[in-house]
Each structure stands twice: as C-alpha cells, then as structure tokens.
Amino acid sequence: MRRALVLALAAAPWLHAAAQAEDPVAAEFDKFRAVLEQDNPAELFEVKGEELWTKPRGPKNASLAACDLGLGPGVVKGAYAQLPRYFADVDRVMDAEARIVHCMITLQGYSYAELAKQPFSSLTRTPDPVSIATYVAAQSAGMKIAAPQAHPKERAAYAAGQEMFFYRAGPYDFSCASCHGVDDKRIRTQPLPNFTRPAQAVRAVQGWPGYRMTGGVMHTLQWRMNDCFRQQRFPEPGYASEMVSALLTYLTVNANGHEYRGPGIKR
Amino acid sequence: MRPAAIAVLAAAALAAACAGLQSDPRADARALMQRDFHAKGSAGMDRLKEDPVQSACNAHRDNPPQALAEKLQQEQMAAIKWPADGKLLGDWKSGEKIAQDGRGMAWTDKGGVGGSCYNCHRIGPATTSFGTIGPSLHHFGKLRGYGAEMQRYAYGRIYNAKAYNLCTQMPRFGHAGALSEQQMKDLTALLMDPASPVNQ
C-alpha cells in the first residue's frame, strides 16, 4: 500500500505546484485525500492499536480495559472527541495520548521514561501509544468535537494554552500565531490555517492522528506539537506533558462543534 | 512598603500559587513552559526567556502602546551594527542561495543558517514555491530605486525588522546572530543589485 501511495504522489505533479489557500491545488488535494481516506493506511494502525488496548501487556500483564478516557473505565466510543479534559485522579487536564500514556504507566506498569524515550514514529518503528491513539480516535469518527470547559482547570488550561499559542520567543521571535494567526497565508506552498478562528481551528484536530505521506508514517498531535516547536526554534516540549495538553485544549476547544472524521491522511 | 502591605501581597501570591492554573494565564503559561520544556541540541532553555521586544508584543498581543513601541523600536535601531566598510551590497547569487535555505537554529539543525526568505516572501521570479506571510519582494529595487538610503533600509530591515515595525512576524536575523554580515550583504544585493533577477 505504501508503494502505491508513493507512486500516486509521484504521478501527481500538481502537488508540488504553488498553492493558494482555498485554491484549486488545495481543493484537488482535498479530493485526493477523500479518495485515499476510503482506504486509509491508518486502518492498519487502528487494528494494531485495538490489539494493544485489549491484550494483557507490560510488567503488570494487564490490558487497558480499565483505562478511563473520561467517559468511564473502558469506554472508548466517543472519548477522543471529548478530549482533552480534566481528570480528577491526576488533577490535571490530559489530551488523548497523554491519558493513554498515563494508563499504560498506571495499569500496565510501563515507565514514563521508557515511553518518552522515542515517542514518535519512524520508518522502522511505530510506538505503541501512537497505534493506541489511532484506535481510540477511530472510535470517535463521525462525532462532534466537544472538549469540555466545565471544570475550572479545563478553562485554565484553555487560557494558558491561548497564551502559549501567542508566546513569541527564541532567536526567530516565533509563536504558533506567527504561522497560524492570520487568514489566507501559506509557508512555501503549504496553506496555513488560522487556528484562532473556529471555522479553521478544526484543521488542527481533523486528520489527526494522521498517516503522513511524506515519510509514510503514522503521527499523532503530540508529534505535530513537537515538530511545530522545533520549527519555532524553541527547546523541546515534554512528551505528553501538561504544557502540550494545555495547548491542545486551546486548539481543540476552538474546534468544538465540528464533526471529527477520524484518523486521516496528511501530506 | 509597609509590612502589612507585604503580608497582603504575600498572601495573594500564595493564594495564586495554590490555585495553580487559575491565576494569571500568562504567568501560568510561562510557568508550565519553564517546567515542561527541556533543552535539545542547540535549542537551550534560554530561548524561552522573552527579551523586552518579545515581552511587549506578547503582553499586548502584538499591539503595544505607541510610546512603548516607539521607545523599543529606537533601541532596536540603535543596536543595529552597520558594516564597518560601509558597503551594503554583496553577491546576489550567494544571496539567492541564502534566501532559499530554510535551515538553521532548530534542534535538528547542525552547521549553517539560511535566511528562510522564500518561506514567507515572493522574491526571484524563478521560484514559484514562495510563502505569503510577508509581502512580495519581487522588483524590490526596481520599484523603490537603487539609492544608498534604500540599500540601508533593506540591510537594516534584514538585520532587525523590529527596528522598523516592533511586532512584525519577521525574525531579527542580524540582531539574533542568525546571519553573518556577509550573508546579510548578499541578501541585500539580491534585493538591491540592478543585475539581480529580482529586479529584471
């Protein structure tokens, strides 16, 4: 399947042409993506993730059946669309992958250091939390994004995430907003959604976790945030840290009300 | 300050600390980032620290009070180091390569730093994969003239765009030590040399 994708890309020179936001090239890519998503390689990771969720594993030889993703122990359906959210047992807001990592540590006995050592996919390795997040996300396909803001710490996470979004620092003075704070801009040929606008904020959530055609690997929002900070010339954000959950709270709440289509395909 | 006032302030600070993520969002954000980021490669934790320009832009969502903006802009302008030899135009061919090169200063980058110019600007006519965050620089000199003042403006703007527009999105390539004097001269030539393809 990967070979077929690569060939399809090579045969699609319009992907490399200059693209305007909302322009014909971007529209063509959306059509291309819609076709591919009917047979999305992400499904392979969903299947793997389901197996990892269900089977007894780790030092404690336990499954994740007792993992509470916010809707009660073991409830996966609809959970992803309602994350990040506040969890009383840790007294903080967690995004989906942070919560999965938390469950792998508390229920299965894995160590954070082990999981955080190489948390992102490469050509040769897909970390377990990535596959599990893909499985969990797929069980929210077709549901409305509804990250809660009822708890004071959920509202505080949103407010802190908003500040992080606009926080310019480092040698290039970049913030998230440098690229994602205004309408109709692009970097090189890549159109940039304005995440401060509800109608576009959904593009921070939609398609993630995503099968990335560049490199042919499965990536989650944890990876996307990490790579954005790398390009911002910032130091590295801690994997599954509260800081990343706060930023994701800001982005996701801005996208509330939109339908989540499930794991997707990214350029 | 009277001891009573100090006690009140201390109590308020303690209450804020106990509230965790419920006090001042900007303080919360900075505390979380300070705790949850770590240095990697060339990207040290010092990069999270705001300088006065970043702080003014961050605190006021890129729209600081005019008096503050003017004061900071003047300071930024005064800190520009102009080439000692007085020459501002280097080699536009080298400038074109620097403009294309988007690498440098990320934790994955080793070695040289490019200007990343095409990421945000239309510049030379041959490159269609240009970004649009910044204005088009095509025909830069041709439209504005090739005089000494315009050369100085181009060089200064590359060295420190914040000296001209405090909260512009453009990095301060000279001020930050990202680009060398020669690189900035070459970029100035790309924009200002009448022979540069930018001006054809």
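This is a predicted model: local features need pLDDT of at least 70, side-chain atom pairs count only at pLDDT 80 or more; totals for chains, interfaces and linings use all residues.
**Stop 1**

Select residues 207–212 of chain A, which make up strand E6.

Look at individual partners. Arg212(A) stands opposite Val217(A) in E7(A). Tyr211(A) faces Met218(A) in E7(A).

Next, trace the link between the two strands. E6(A) and E7(A) form a hairpin, with four residues between them. Click on Gly215(A) in the turn: its phi is positive, about 100°.

Select residues 263–266 of chain A, strand E10. Four bridges join E10(A) to E6(A), and here the strands run parallel. One bridge partner to pick out is Gly264(A) in E10(A), which goes with Gly210(A).

Show the three strands together. They form an open sheet in the order E7-E6-E10 of chain A, and the pairing is mixed. E7 and E10 of chain A are the edge strands, each pairing on one side only. From one strand to the next, the twist averages 30°.

Is E6(A) enclosed or open to the outside? Five of its six residues are buried, so E6(A) is largely enclosed by the rest of the structure.

Now select residues 128–138 of chain A, helix H6. H6(A) lies across E6, E7 and E10 of chain A. The helix runs at about 125° to E6(A).

**Stop 2: Met143 of chain A**

Select Met143(A). This residue is found in strand E3 of chain A, residues 143–144. How exposed is Met143(A)? There are 17 C-beta neighbours inside 10 Å, so Met143(A) counts as partly exposed.

Show its contacts. Leaving aside neighbours within four places in sequence, Met143(A) is in contact with Gly78(A), Ala81(A) and Tyr260(A).

Then draw a distance from Met143(A) to Lys185(A). The two are 42 residues apart in sequence. In space they are 29 Å apart, C-alpha to C-alpha.

**Stop 3: where chain A meets chain B**

Bring up both chains. Here 36 residues of chain A are in contact with 42 residues of chain B. Which elements of chain A supply at least two residues each to this side? Select helix H7 (152–165), strand E4 (185–187), helix H10 (221–231), strand E8 (236–237) and helix H11 (242–254). H7(A) gives the largest share, nine residues. Colour the chain A side by class: it divides into 18 nonpolar, seven polar and eleven charged residues.

Zoom in on E8(A). Two bridges join E8(A) to strand E1 of chain B, residues 37–38. The two strands run antiparallel. Pick Pro237(A) and you can find its bridge partner in E1(B), Phe37(B).

**Stop 4: chain B as a whole**

What is chain B built from? It has nine helices and one strand. From the N terminus on, the elements run α-α-β-α-α-α-α-α-α-α. Of the 200 residues of chain B, 40% count as buried. Take the contacts in chain B with a separation of 6 or more: residues 24 or more positions apart account for 60% of them.

Colour by domain. The domain assignment of chain B gives domain 1 (3–61) and domain 2 (92–199). Where they touch, domain 1 of chain B provides seven residues and domain 2 of chain B provides eight. The domain 1 side has four nonpolar, two polar and one charged residues.

**Stop 5: two helices of chain B**

Select residues 92–100 of chain B, helix H5, and residues 181–192 of chain B, helix H9. Their axes come within 7 Å and cross at roughly 100°. That makes H5(B) roughly perpendicular to H9(B).

Show the residues that meet. From H5(B) come Trp92(B), Ser94(B), Gly95(B), Glu96(B), Ile98(B) and Ala99(B). From H9(B) come Gln183(B), Asp186(B), Leu187(B), Ala189(B) and Leu190(B). The residues of this contact divide into six nonpolar, three polar and two charged.

Notes. Residues are numbered from 1 along each chain as its sequence is written. Chains are lettered from A and ligands numbered from 1 in the order in which they are written. Domain bounds come from an automatic or database domain assignment. Two residues are in contact if their C-beta atoms, placed from the backbone, lie within 7 Å. Ala, Val, Leu, Ile, Met, Phe, Trp, Tyr, Cys and Pro count as nonpolar, Asp, Glu, Lys and Arg as charged, and the others, Gly among them, as polar. Two strands pair if DSSP finds at least two bridges between them. Axes are lines fitted to C-alpha atoms, for helices over the stretch in contact, and angles run from 0 to 180 degrees between N-to-C directions. Angles under 35 degrees count as roughly parallel, over 145 as roughly antiparallel, 65 to 115 as roughly perpendicular and the rest as oblique. A residue is buried if 20 or more other C-beta atoms lie within 10 Å of its own, exposed if 12 or fewer, and partly exposed in between; C-beta atoms are placed from the backbone.
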